[in-house]
Amino acid sequence: MLLADMGAEVLKIEGPDGDDMQHLGPRDAAGQPIFYRALNAGKKVRRMDLKNAAMRTKFLRLAESADVLLETFRPGVMARLGVGYETLSKANPRLVYCALSGYGANGPLARAAGHDANYLALTGILFRNGRGTGAYFDPPLADDAGALFAVIAILGALRERDRTERGCEIDIGLADAVWPLQSFQVADYGERGYSPGPEETYLNDGAAWYRAYRTRDGHLVALGAAGGPFWKRFCEAAGRPEWISREADPLPQRSLIAELDRFFAGFDLEQCVARFEPADCCFTPVLTLAEAIRSGQCQARQLVRRAPAGALQALFPAWIDGEPPGTRPAPRSTQDGFED
């Protein structure tokens, strides 16, 4: 989808029965799958049975003129179907072939099944987040990071192809994609052998100045007063100057957290917003999705808009030359597949 946003012509090949995503999640008023349509906006969709020799020949013909092939099978499946990288690169030496799997092409888990929660569970993230509950993430962190790193790798490979006239094979595991997101934690483990637990670091609720709190009327507010003057401004706006020096309290700051819990429990959300937003101390209410979409900031940025056909879309998050991104066309099939 992101490559299509940047102007690529994307043809998605589905199996003869279509994508399982068509059966996941809610339906619109016309009975169409909302999640499937959102993920495939901007793409053409074609169904092909690669176990069928004639279909496989057609697929190979498509690959001969393609710039990029992205596949999400478990390692080895494409080769068993007769359309792996070795075969395709002979037919098209300029092809950039990206395999995006759960755990990458090698290692003891290479052929294991998994979903986002499993990848986070096996990379240390699920353990230390969610205040010790093992809460799952929404949106899926590893899935999204893997897709973003795949786009980055593909764009880099295309740039290198400009120099060498040859494509390459890219191997990305979704579980691998979250490791660069943990650069702080990995570096700390390397130096001190420290493996963080729940609510022990400033990024996972261990710091009083970087944490969500509940107000008297049951709402949540987010305090992100990390670094610079923000904590001092918060403390002054709160009328608690004695807290300023406690920014440096050792982590986890459980005593100070308890004090802020009691403090925020004494105010309604409206009172908190009136007091702290003018202080410019990195304080915000915690919005629902509906509230966020209706917010003035979201409306001004124009990155969540309805396409002409009516679907509400989260668009590519970049303005170019002062213009917001355009909406995406609905997915369309070239044969036998999903029709808009």
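## A chat about Pro252 and its chain

Reader: Hi! Where is Pro252 in this chain?
Author: Pro252 is placed in the loop between α10 (230-238) and α11 (254-264). Helices here are DSSP runs of H or I with at least four residues, strands are runs of E with at least two, and both are numbered from the N terminus. You're looking at a predicted model, where local features need pLDDT of at least 70, side-chain atom pairs count only at pLDDT 80 or more, and totals for chains, interfaces and linings use all residues. Residues are numbered from 1 along each chain as its sequence is written, and side-chain values use heavy atoms, with hydrogens and water left out.

Reader: What is phi like for Arg131?
Author: Phi of Arg131 is near 55 degrees, which is a positive value in a residue other than glycine.

Reader: And is Arg131 buried or exposed, or partly exposed?
Author: Arg131 counts as partly exposed because its relative accessible area is 37%. The cut-offs are under 20% for buried and over 50% for exposed, with partly exposed in between, using a 1.4 Å probe and protein chains only.

Reader: Got it! What about phi of Asp321?
Author: Asp321 also has a positive phi, near 50 degrees, and is a residue other than glycine. Look for Asp321 in the loop between β10 (312-314) and β11 (332-335).

Reader: Why does Asp321 count as exposed?
Author: Because the relative accessible area of Asp321 is 80%.

Reader: Let's zoom out. How many helices and strands does the chain have?
Author: There are 14 helices and 11 strands in the chain. Its C-alpha atoms fill a box of roughly 75 × 50 × 40 Å, taken along the principal axes.

Reader: How much of the chain is made up of buried residues?
Author: Of the 340 residues in the chain, 34% are buried.

Reader: One last thing: what percentage of contacts join residues at least 24 apart?
Author: That's 59%, counted among contacts in the chain between residues at least 6 apart in sequence. A contact means heavy atoms within 4.5 Å.
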